[in-house]
Protein chains: 2
Amino acid sequence: MRIILDTDPGIDDSLAILYLSAQPDVDIVAVGSVHGNVPAPVAAANALRVLDVAGLDDVPVAVGAHRPLAQELRTAEFVHGDDGLGGHAGPPSPRAVVDCSAAEQLVRLARANPGELSVLALGPLTNIALAVLLEPRLPELLESLVVLGGALGVPGNVTAHAEANIWHDPEAADLVFDTGFDNLTLVSLDVTETARADSAWLDSLAQVASPRAQFASALLDHYAAFYSNMFGVRVATMHDPLAAALLCDPSLATYREVAVSVEVHGTYTRGQLVSDWRSIADDSHIESEAGRGRRPVRAAAAVDAEEFLTRLFEALK
Amino acid sequence: MRIILDTDPGIDDSLAILYLSAQPDVDIVAVGSVHGNVPAPVAAANALRVLDVAGLDDVPVAVGAHRPLAQELRTAEFVHGDDGLGGHAGPPSPRAVVDCSAAEQLVRLARANPGELSVLALGPLTNIALAVLLEPRLPELLESLVVLGGALGVPGNVTAHAEANIWHDPEAADLVFDTGFDNLTLVSLDVTETARADSAWLDSLAQVASPRAQFASALLDHYAAFYSNMFGVRVATMHDPLAAALLCDPSLATYREVAVSVEVHGTYTRGQLVSDWRSIADDSHIESEAGRGRRPVRAAAAVDAEEFLTRLFEALK
């Protein structure tokens with residue numbers, strides 16, 4: 001499997017890179033950064049660092065969109081630390097970013113390898129939206145697209161209704177869902193919140209002496225401290241690594257088909273991922289309704305969290 | 001208990017009136033009609049008819065708001081029949097409506113009986129909003145307010161996210177929730193949908209020969225046919241009677257305190273009742289958030305549906 005990773009490292013993004021690097025049948029062809037957890041240039045510098053740790057120092061990294069399509073830049077250093085890596089970024093990678101934007105890189109690679117590449121989008125969907133605008137044939141050129149984002153039937157994690165990746169660029173997300181990818185897997189908060197490493201898991205990893213395990217543990221110390229502060233218990237929610245794991249092995253989850261839209265106009269609901277889950281749907285008199293006329297996405301519904309956490313532990317060792 | 005009923009009969013509104021009429025300790029002081037299931041004048045005429053059936057032919061009925069505050073009139077004859085009573089309205093009541101609007105009637109009675117009256121709002125909240133605008137002291141003048149509306153944590157019944165009473169006048173509902181009633185009970189779709197009479201219950205009622213039981217059964221035949229069409233099984237969801245029952249006996253349900261707002265600007269979420277159910281709430285950087293700064297309402301969380309249906313059966317016999 002050959003993938004293009006779109007990401008905003010970010011602690012759990014970094015763990016996803018380490019996860020992918022441990023899969024023998026996965027080839028990361030290129031990485032694009034995006035604003036989100038941190039600004040896009042910081043995310044790119046961090047991607048280079050983590051690829052170095054992962055032994056993938058030949059993977060090109062392009063800086064992606066510096067801001068969302070239709071709102072100001074907002075980042076989340078209060079979660080991921082000022083450097084995006086919980087204070088453990090260390091010196092910069094000796095490598096430099098490539099000389100094009102992430103969306104250009106994505107479009108060029110998709111055109112050169114039609115039907116062969118899968119995209120794993122772990123941040124706001126700004127780059128993916130730009131790529132669709134640059135190349136409307138993108139859905140046919142890609143093998144598949146896995147999107148981490150949204151909260152279906154559960155509260156959001158930025159507002160009461162919005163999940164961070166969608167909230168960071170609601171217009172881009174809605175554009176992507178409106179594009180009609182025929183192989184789009186959605187991994188949303190209702191599923192990723194079930195993938196939580198507990199204190200024992202974190203302690204076991206901390207006892208592994210390998211450089212990658214020590215690096216991962218250092219990041220997770222910061223991350224778990226954030227969650228401890230919020231939940232009152234030391235855990236780490238593995239959003240991005242779970243999306244990576246489902247790209248590699250879809251059989252870790254069950255799925256349902258849902259047509260989704262993003263609310264972009266709500267006072268309280270801007271950034272909410274909306275879909276129609278009514279058992280009845282007698283709304284033919286309503287002009288605008290969630291998901292109407294859209295190709296459904298395949299949304300992860302339930303995941304084997306224990307098996308996933310076992311695999312993640314193996315990958316981070 | 002002395003109550004003012006605000007209602008848009010409507011089949012389940014009519015059953016709520018019959019329910020209340022059977023409670024020995026309940027005195028319906030006045031009824032106001034409102035647009036919603038049917039236009040407000042039709043609702044008033046139906047209220048008079050049902051009060052006659054209930055033996056309450058001395059209760060004054062005022063016609064209420066003919067339209068929502070900020071959108072065009074929309075009604076729901078596709079649920080309740082062209083006459084609002086499933087084709088069983090029959091001849092008009094010999095009585096006439098009173099010569100003032102429902103909001104005026106409400107304000108006058110509240111001023112004349114401070115702290116003594118409870119309002120049961122079974123339709124869109126237009127009249128209640130008007131009454132608040134006419135008399136800002138309304139919260140102190142009323143004993144309590146019970147509102148049937150919204151969908152908390154479940155899909156809506158008009159759109160994917162909006163419940164009918166809120167959807168019929170989102171601005172009025174938001175005004176009422178913003179007013180700060182200190183004794184406001186909310187009975188929302190997540191609870192009322194658990195109060196479903198099944199086919200056996202409906203058949204038993206149909207075998208009762210009393211005029212009120214026969215009237216109720218005729219309405220329910222229409223209502224259950226509508227639900228059969230949607231759900232594929234013959235049931236009747238007792239939204240309005242449940243709200244009436246909880247006004248009379250709050251102990252039939254458990255409650256939680258929630259601060260709520262109504263989304264009025266969403267493309268997909270207009271009319272959605274929003275509240276913050278996150279276990280964490282680190283959103284101090286978001287200016288506008290659901291329910292922020294508002295006095296919480298007491299929302300019914302779970303109801304003893306079996307006991308309620310037993311009591312409803314007794315009341316309709």
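Start with a term. A nonpolar core is a set of buried Ala, Val, Leu, Ile, Met, Phe, Trp, Tyr and Cys residues joined through side-chain atoms within 4.5 Å. Buried means under 20% relative accessible area, with exposed over 50% and partly exposed in between, for a 1.4 Å probe and protein chains only.

Some ground rules. This is a predicted model, where local features need pLDDT of at least 70, side-chain atom pairs count only at pLDDT 80 or more, and totals for chains, interfaces and linings use all residues. Residues are numbered from 1 along each chain as its sequence is written, chains are lettered from A and ligands numbered from 1 in the order written, and side-chain values use heavy atoms, with hydrogens and water left out.

Now the cores. The largest nonpolar core has 69 residues. Those touching the most other members are Leu20(B), Leu120(B), Trp201(B), Leu220(B), Met238(B) and Phe308(B). Helix H11 (residues 211-231) of chain B gives this core its largest share, nine residues. Helices here are DSSP runs of H or I with at least four residues; strands are runs of E with at least two; both are numbered from the N terminus.

Take Leu20(B). Leaving out residues up to four places away in sequence, Leu20(B) touches Ile3(B), Leu5(B), Val26(B), Ile28(B), Leu120(B), Ala244(B) and Cys248(B). Contact means heavy atoms within 4.5 Å. Another core lies apart, with 68 residues, including Leu15(A) and Val187(A).

Next, Ala172(B). Buried or exposed? Ala172(B) counts as buried, because its relative accessibility is 0%. Ala172(B) sits in helix H8 (residues 170-179) of chain B. Beyond four places in sequence, Ala172(B) touches Leu69(B), Leu125(B), Thr126(B) and Ala129(B). Its C-alpha is 7.7 Å from that of Pro124(B), 48 residues apart along the chain.

Pockets next. On a 1 Å grid over the protein atoms alone, a pocket is an open set of points where a 1.4 Å probe fits, with protein on both sides within 12 Å along at least five of seven lines; lining residues have an atom within 4 Å of a point. Points are joined across faces, edges and corners, and volume is the space filled by probe spheres set on them.

The largest pocket holds about 630 Å³. It has 44 lining residues, with Asn157(A), Ala164(A), Leu189(A), Tyr227(A) and His239(A) closest to its centre. H11(A) contributes the most to that lining, five residues.

The second largest pocket holds about 530 Å³. Its lining has 24 residues, and nearest its centre are Gly153(A), Val154(A), Gly153(B), Val154(B) and Gln272(B). Strand S11 (273-275) of chain A and strand S11 (273-275) of chain B each supply at least two lining residues.

Last, a backbone detail. The peptide bond from Pro9(A) to Gly10(A) is cis, with omega near -5°. From Pro9(B) to Gly10(B), the bond is also cis, with omega near -10°. Gly10(B) lies in the loop between strand S1 (2-7) and helix H1 (11-21) of chain B.
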